[in-house]
Amino acid sequence: MENIPFAVQGKICENRKPLANGGVGVYHNLQWWADGRNHAVHIPEARLEEFKRAVEGGKRVRELVYELSEASTQALLAAEPSTAKKKSTRSASRAARSSRR
């Protein structure tokens, strides 16, 4: 992950707006979800490629976190349990009594 310079969550959206002279203006913004709400910030045209690389970095970070989670799960499953065998909640004397009924 140290080789990923920027990791931005979200996606880049393109917006087209008609201009007064009859042309069409193209604008970009970064959108992401946080705390149950959609957030957006304008991306200056000169920094669009930088933001695209940062969003790709964010995707790669998510992939790496998923791989780490999978590896941790497998390591935990393969490890010997550190606790003793679970004891029965029924005592031997109670088990004997219930079988006589």
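The model is a predicted one, in which local features need pLDDT of at least 70 and side-chain atom pairs count only at pLDDT 80 or more, while totals for chains, interfaces and linings use all residues. Residues are numbered from 1 along each chain as its sequence is written, and side-chain values use heavy atoms, leaving out hydrogens and water.

Arginine 60 forms a salt bridge with glutamate 63, with the closest N and O atoms 3.0 Å apart (a salt bridge is a side-chain nitrogen of Lys or Arg within 4 Å of a carboxyl oxygen of Asp or Glu). These two residues lie three apart in helix H1, so about one helical turn separates them. A further salt bridge links arginine 60 to glutamate 67 at 3.7 Å, N to O. Through shared partners, Arg60, Glu63 and Glu67 are joined into one network. Glutamate 63 is partly exposed at 43% relative accessible area, and glutamate 67 is partly exposed at 45%.

Glutamate 56 is partly exposed at 48%, as is lysine 59 at 37%. By the rule given above, the count comes to six salt bridges.

Stepping back to the whole chain, the secondary structure comprises two helices and three strands, running β-β-β-α-α from the N terminus (helices, H or I of at least four residues, and strands, E of at least two, are DSSP runs numbered from the N terminus). Of the 101 residues, 14% count as buried.

The three strands form an open antiparallel sheet in the order S1-S2-S3 (two strands pair if DSSP finds at least two bridges between them). Strand S1 (11–18) and strand S3 (37–43) stand at the edges with a single partner strand each, so one side of each has no neighbour in the sheet. Neighbouring strands are turned by 35 degrees against each other on average, direction ignored (axes are lines fitted to C-alpha atoms, for helices over the stretch in contact, and angles run from 0 to 180 degrees between N-to-C directions). Eight bridges join S1 to strand S2 (residues 24–34) in the antiparallel sense, with isoleucine 12 standing opposite leucine 30 in S2.

Helix H1 (residues 48–78) packs on this sheet, touching S1, S2 and S3, and its direction makes about 145 degrees with that of S1 (contact means heavy atoms within 4.5 Å). The buried residues of H1 are Leu48, Phe51, Ala54, Val55, Gly57, Gly58 and Val61, and their cover includes S1, S2 and S3.

Within strand S2 sits asparagine 29, which is buried at 13% relative accessible area. Residues touched by asparagine 29, not counting those up to four places away in sequence, include Lys11, Ile12, Ala40 and Val41. Aspartate 35, by contrast, is exposed at 79% and is found in the loop between S2 and S3. Aspartate 35 has a positive phi of about 55 degrees although it is not a glycine.

Note on methods: Buried < 20%, exposed > 50% of the residue type's maximum accessible area, 1.4 Å probe, protein only.
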